[in-house]
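Me: Hi! Could you open the model for me and talk me through its side-chain contacts?

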Amino acid sequence: MLAPMQIDIAPQAVEILIDNWRDGVDMKAPMLDEFKIHMMQNRRSILNNHARAAGAWNLLLSCATPVGDGAEFEQLRAKIRAFQDWAKTELAKLDAL
């Protein structure tokens, strides 16, 4: 049997990353016009990458056991699932165009 490994995850750091990624795609973050054009031209691939990243995080966390009551852990997992759902919904909107 494999020995468990303890890792520490800063939930706030993951949440900030998710918020920044989403704000970038939604054009809510301040950016140069050239970058806005890049974000619009590459929206599909960016959203695909976000959905895959969230899926990888979900896979990793599905193998984890929180220390303590686990409420913060479950909140983080819910935030990641919501981010993945958002990316998939945005992809579906692009497909509908």
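Me: Great. What kind of model is it, and what are the ground rules?

Reply: It is a predicted model, where local features need pLDDT of at least 70, side-chain atom pairs count only at pLDDT 80 or more, and totals for chains, interfaces and linings use all residues. Residues are numbered from 1 along each chain as its sequence is written, and side-chain values use heavy atoms, with hydrogens and water left out.

Me: Where is confidence lowest and where is it highest?

Reply: The mean is lowest in helix α2 (residues 33–41), at 93, and highest in helix α3 (residues 43–62), at 97. The protein chain averages a pLDDT of 94, and 100% of the residues score at least 70. pLDDT is the predictor's confidence in each residue, from 0 to 100, while helices are DSSP runs (H or I, at least four residues), numbered from the N terminus.

Me: Nice. How many aromatic pairs are there?

Reply: There are 3 aromatic pairs. In one of them, the ring centres of W21 and F83 are 6.1 Å apart with planes at 40°, so that pair is tilted. Rings of Phe, Tyr and Trp (its six-membered ring) pair if their centres lie within 6.5 Å; planes under 30 degrees apart are stacked, over 60 edge-to-face, and the rest tilted.

Me: Which helices does that pair join?

Reply: W21 sits in helix α1 (residues 11–25) and F83 in helix α4 (residues 71–96), so the contact ties together parts 62 residues apart in sequence.

Me: And F83, buried or exposed?

Reply: F83 is buried, at 2% relative accessibility, whereas W21 is partly exposed at 28%. The cut-offs are under 20% relative accessible area for buried, over 50% for exposed and partly exposed in between (1.4 Å probe, protein chains only).

Me: What does F83 do with W86?

Reply: Their ring centres are 5.7 Å apart and the planes at 20°, so F83 and W86 are stacked. Both lie in helix α4, 3 residues apart, about one turn of the helix. W21, W57, F83 and W86 form one aromatic cluster.

Me: Switching topic: how many salt bridges?

Reply: The whole structure has 6 salt bridges, each a side-chain nitrogen of Lys or Arg within 4 Å of a carboxyl oxygen of Asp or Glu. Among them is D95 with R44, whose closest N and O atoms are 2.9 Å apart. D95 lies in helix α4 and R44 in helix α3, so this bridge ties together parts 51 residues apart in sequence.

Me: Which residues share partners in a network?

Reply: R43, E90 and K93 are joined into one network.

Key:
Helices (H or I, at least four residues) and strands (E, at least two) are DSSP runs, numbered from the N terminus.
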